[in-house]
Amino acid sequence: MRVGRKEFLRLSGLSLLALAGKKVVNAITSAAQANKPATRPAKRWAMVIDIKRCLQEQGCTLCINACNQVHNVPRFQDRRHEVKWIWKEAFQHVFPPDGAEYMVAELPGAPLPVFCNHCDNPPCVRVCPTQATWRREDGIVMMDWHRCIGCRYCVAGCPYGSRSFNWVDPRPHIARLTPDFPTRAKGVVEKCTLCPERLAEGRPPACVEACKPKAMVFGDLEDPASEVRGLLNTRYAIRRKPELGTRPQVYYLV
Amino acid sequence: MFMFEKAVVGSRRYWVWLLCLMAVIGLGLISYLHQLAQGLGVTGLSRDVTWGLYIAQFTFFVGVAASAVMVVLPYYLHDYKVFGRITILGEFLAISAVTMCMLFIFVDMGQPSRVLNILRYPTPNSMMFWDMISLSGYLLLNAVISLVTLSCERKGVAPPGWIKPVILLSIPWAVSIHTVTAFLYNGLPGRSFWLTAILAPRFLASAFAAGPSLLILLCMIIRRLTSFDPGRKPIRKLSVIVTYAMIVNVFFVLMEVFTVFYSGIPEHMEHFRYLFAGLEGNSSLVPWMWTSVTLAVLSLVLLIVPRFRTNDRVLAFTCSIVFLSLWIDKGLGLIVGGFVPSPLGAVTSYAPTLPEISITSAVWAIGFLMITVFYKITLSVRESVA
C-alpha cells in the first residue's frame with residue numbers, strides 16, 4: 001500500500017488525537033474511582049462455613065432470604081423451574097459418596113448451605129461457548145446475563161448443581177422487587193455471584209451479613225491476617241468433590 | 001436454483017407426501033412460537049434434567065450424518081465401484097441430518113436471538129465452538145461434493161479433479177463431527193455417566209450401524225417407489241457394514257458396563273441403575289432401555305446369520321430394529337441418563353411434553369422433506385441422463 005504525504009499527515013493527526021482522547025478518558029475514570037470508598041481489592045475471595053455454628057439453628061433461612069431478596073431471585077411452586085443461588089442440602093448430598101453408617105450422629109441429614117463454589121478451575125467457564133461466564137482476577141466466577149445464549153452447557157459442566165436456568169419469565173415470580181439489582185429474562189442461566197456490587201462498597205456478601213450465628217466467614221485468602229486464613233490455619237476444613245480438581249473456594253469447617 | 005426445477009414436478013403421491021410433511025412442520029412451528037413466547041418451561045426439562053429430547057436427537061443425528069463416510073470411503077478410497085450409484089444418496093442423507101442437528105441445537109437455546117454470540121465471541125476452550133466448526137464444515141463439504149458430482153453426472157462429464165481432495169477431506173471430517181460431539185459430554189468432570197473415553201468410539205460404532213441401516217431402508221423405499229434400482233450388491237455390502245458396526249457397538253457398551261460395575265464406584269453405577277432398574281421409584285425409562293437391549297440382541301442374531309441377512313424382507317425388519325434400538329439408546333437414554341441422579345443426588349423424572357414432541361417431529365419432517373427433495377432431484381437427473 002502506498003501512502004501519500006497528505007494521507008500520512010491525516011493519519012498521524014488522527015492518531016495523536018486518539019492518544020490525547022485516551023489520556024482524558026483515563027483522567028476522568030481515575031477521578032471517578034477516587035470518589036469511591038477506599039477498599040483494598042482482594043486477591044482471592046473465599047468463604048468459610050462453620051458447620052457446628054450453622055447447625056445450631058437448623059430451620060434457619062436468614063442467609064437464603066437475604067440473598068433472594070437482594071438479588072431478586074424468583075420463587076417457583078414447581079420444583080422443576082426452581083432458581084436457586086443459596087439453599088440447604090442434606091450433608092450426605094453435599095459431601096457424597098461416603099455413605100458411612102457410623103459417623104458423628106448429627107451430620108447425616110443435617111442441612112448445610114450450598115451455593116456456587118467460585119472454583120479456581122471452574123468447568124462452567126471452560127465450557128461456556130460465549131464467555132458469558134468467566135473468572136475474575138479476585139476469583140469470583142461471574143455471569144453476563146446479556147450475553148448468555150441459554151445453551152445450559154455450564155449447567156451440565158458444574159459438578160455441584162449450583163447453576164439455575166430461567167425456564168420461564170422469572171419477573172412475575174419475584175415476591176418483593178429490589179429496584180437496584182437487575183432482574184433476569186427467561187432463557188438465561190444464573191447463580192451466586194458473591195455480591196461484587198456490595199464488595200465494591202466495602203460490604204460483605206448479603207448472606208454473610210444476614211447470618212446471626214456468624215457461621216459464614218468471608219475474606220481474602222491471600223491476606224495472611226484475614227479471618228478466613230486464621231480459621232483454615234487452626235481448624236480442619238473440607239471442600240466439595242476436591243478430587244475433581246476444580247479447587248472450590250468454599251470451605252466447610254468440620 | 002441449481003437443478004431445483006426437478007423438485008417442483010412430481011407425481012400426485014410425491015405432492016401428498018410433501019404436504020403431509022409440511023403440515024407436521026407447520027404444527028411444529030406453532031409449537032415453537034409458543035416455546036419462544038413462554039420459554040423452555042413448556043418442555044419437560046427441569047433444573048436437574050437440563051437437556052432432553054432436543055439435545056439427544058442432535059446427538060443421534062450427528063451419527064446419521066457421519067455415517068455417509070461408510071459409502072464415501074469404500075467408493076473413493078478403495079475404488080469400490082458398487083457404491084457408485086448410492087454414494088450421493090449417502091451425502092444427501094448427511095446434508096439433511098446435519099441440518100436437523102443444527103435445528104435441534106437452535107430450538108434448545110434459551111435465547112435464540114443471541115445464538116450468533118458463538119461467532120462474535122469465539123471461544124476455543126469450549127467444545128461447543130469446535131462442534132459448530134465441525135458441523136458447519138461438514139455441511140459445506142457435503143453440499144459442495146454432492147452438487148458438483150451430480151451436475152457432472154447430468155452433463156455426462158467426469159467430475160473436476162479438484163473435487164477429489166475435497167472428498168478425501170470429508171472422510172476424516174465425518175469422524176471428527178461425532179468425536180467432537182462425544183467430547184461435548186465426556187469432558188465434564190461431574191457427569192460420571194459420560195466421563196468415559198469409550199464414548200467417542202461408541203458414538204462412531206452406533207453411528208455406523210444406525211446410519212447405513214437408514215440408508216438401506218431408503219434404498220429399498222426408492223426401489224419400490226421409483227424406477228431407479230440401487231441394486232442388490234450395495235445393499236448386501238451395506239448390511240455387512242451394519243453387522244460389523246453393531247457388533248462393535250454392543251462390544252463397546254459391554255466394556256463400559258464391565259468397567260462401571262466391576263469397579264463398583266457408586267457415582268458411575270447409579271446412572272445405569274436409573275436407566276435399567278429405576279431409582280427411588282422413578283423407572284419411566286426402564287421399559288425403553290430394555291426394549292433397546294432386546295432389539296439390539298435380536299438384530300445381532302438377524303445380522304450375523306447369513307440366511308437372515310441376505311433375505312431382503314428380513315433385512316428391512318433388521319435395519320428398522322437396529323435404527324430403533326440405537327435411537328432409544330442415544331436419542332433418549334444417553335442424555336437423560338447422564339443427568340439422573342443429579343450432582344446433589346436428586347432423582348428427577350423427565351418426560352417430553354406435547355409441544356416438545358411437536359417441535360421434534362417438525363425437525364424430523366424437515367429432514368425427511370430435504371431427503372425427499374434431494375433424492376427426487378437425483379433420480380430425475382439420472383432418468384433424464386439414461
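Let's start with two helices in chain B. H4(B) and H6(B) cross, and the crossing is left-handed. Bear in mind that this is a predicted model.

How do we describe such a pair? Two packed helices are described by the angle between their axes and the distance between those axes. Here H4(B), residues 87-107, packs against H6(B) at about 150 degrees. The axes lie 9 Å apart.

Now look at who meets whom. From H4(B) come B:Ile88, B:Glu91, B:Phe92, B:Ala94, B:Ile95, B:Val98, B:Cys101 and B:Met102. They meet residues of H6(B), including B:Leu135, B:Tyr138, B:Leu139, B:Asn142 and B:Ala143. Further residues on the H6(B) side include B:Ile145, B:Ser146, B:Thr149 and B:Leu150. Sort this contact by class. You get 13 nonpolar residues, 3 polar and 1 charged.

Next, the two chains together. How many residues of chain B are in contact with chain A? There are 32, and they touch 40 residues of chain A. Three helices of chain B each give two or more residues to that side: H5 (117-120), H6 (127-155) and H10 (266-276). Which of them gives the most? H6(B) does, with 3 residues. So much for the helices; now the classes. The chain B side divides into 14 nonpolar, 14 polar and 4 charged residues.

Last, chain A by itself. Chain A has 9 helices and 10 strands. Of its 254 residues, 39% count as buried. Then the contacts within chain A. Take those with a separation of 6 or more: 64% of them join residues 24 or more positions apart.

Key
Residues numbered from 1 in each chain as written. Chains lettered and ligands numbered in written order. Predicted model: local features only at pLDDT ≥ 70, side-chain atom pairs only at ≥ 80, totals over all residues. Contact = placed C-beta atoms within 7 Å. Helix = DSSP H or I, 4+ residues; strand = E, 2+ residues; numbered from the N terminus. Nonpolar A, V, L, I, M, F, W, Y, C, P; charged D, E, K, R; others polar. Buried ≥ 20, exposed ≤ 12 C-beta atoms within 10 Å, placed from the backbone. Axes fitted to C-alpha atoms, helices over the stretch in contact; angles between N-to-C directions. Left-handed = near helix turned anticlockwise from the far one by under 90°.
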